[in-house]
Amino acid sequence: MNDQNPNTASHGSAESELHAYVWSGDVDRVRHILSSGADPNWRDSIGESALFGAAGWGHEDVVRLLLEHSARHDFATSAGWTALHWAARADLGTVEALVDAGADVSAATHNGELPIDIAHHYGKGEIVRYLKTVGPQIA
């Protein structure tokens, strides 16, 4: 997409109907859009699938629905952030859903940050405690 267009993900806008309803947490609309054939793995102009938005906003029900529709949890942004990194800033249930689906708790960003590091940075003690039980230890 044209970077001058203010209606792009780099400007904070949803580039698809699916992304918009995922961000809002509207599980019924997301279910409808997915059942109508939307691709849960379509990525916007900054490389984020709908799962990134659902994870980042802590919409556990939407995350689980996307995963049921074969959303890939292994995609990473150009900076190396996965959906699990985004979820680590948000909500324990969302983190658990991604880990249960097989998300890599040892995936590092290009700065070397693990999801547990992100949770620690954002003061998410509950998520840090959980990730310590399922992933690599931090110093």
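**From a loop residue to the helix packing**

Mentor: Serine 70 is exposed, because its relative accessible area of 53% is over the 50% cut-off. Keep in mind that this is a predicted model. Serine 70 sits in a loop, with helix H4 (60-68) on one side and helix H5 (83-87) on the other. Its backbone deserves a look. The phi of serine 70 is positive, about 70°, although the residue is not a glycine. For context, most residues other than glycine have a negative phi.

Now place that loop in the chain. The protein chain has 8 helices and 0 strands. From the N terminus on, the order reads α-α-α-α-α-α-α-α. The chain has 139 residues, and 45% of them count as buried. Take the contacts with a separation of 6 or more: 60% of them join residues 24 or more positions apart.

Step back into H4. This helix packs with helix H6 (residues 92-100) at an angle of about 15°, and the axes are 8 Å apart. An angle under 35 degrees counts as roughly parallel, so H4 and H6 are roughly parallel to each other. H4 passes H6 in a right-handed crossing. On the H4 side, the contact uses Glu60, Val63, Arg64 and Leu67. On the H6 side, it uses Gly93, Thr94, Glu96, Ala97, Leu98 and Asp100. Sort the residues of this contact by class and you get 4 nonpolar, 2 polar and 4 charged.

H6 has another partner, helix H8. Here the packing angle is about 20°, with the axes 10 Å apart. H6 and H8 are therefore roughly parallel to each other too. H6 passes H8 in a right-handed crossing. H6 brings Leu92, Val95, Glu96, Val99 and Asp100 to this contact. H8 brings Glu126, Ile127, Tyr130, Leu131 and Val134. The class count for H6 with H8 is 7 nonpolar, no polar and 3 charged residues. Glu96 and Asp100 of H6 are listed in the contact with H4 and in the contact with H8.

Which residues of H8 (residues 125-134) are buried? They are Ile127, Val128, Tyr130 and Leu131. These residues span an arc of only 165° around the axis, so they lie on the same side of H8. Arg129 and Thr133 are exposed on the other side of the helix. The buried residues of H8 pack against H5, H6 and helix H7 (115-121).

Alanine 50 belongs to helix H3 (residues 50-56). Its relative accessibility is 0%, and it therefore counts as buried. What does alanine 50 touch, leaving aside its neighbours within four places in sequence? The contacts are Leu18, His19, Val22, Pro40, Trp42 and Leu66. Histidine 19 is 31 residues from alanine 50 in sequence, yet their C-alpha atoms are 5.1 Å apart.

Notes
Residues numbered from 1 in each chain as written. Predicted model: local features only at pLDDT ≥ 70, side-chain atom pairs only at ≥ 80, totals over all residues. Heavy atoms only, no water. Helix = DSSP H or I, 4+ residues; strand = E, 2+ residues; numbered from the N terminus. Buried < 20%, exposed > 50% of the residue type's maximum accessible area, 1.4 Å probe, protein only. Axes fitted to C-alpha atoms, helices over the stretch in contact; angles between N-to-C directions. Parallel < 35°, antiparallel > 145°, perpendicular 65-115°, else oblique. Left-handed = near helix turned anticlockwise from the far one by under 90°. Contact = heavy atoms within 4.5 Å. Nonpolar A, V, L, I, M, F, W, Y, C, P; charged D, E, K, R; others polar. Arc of directions from axis to C-beta.
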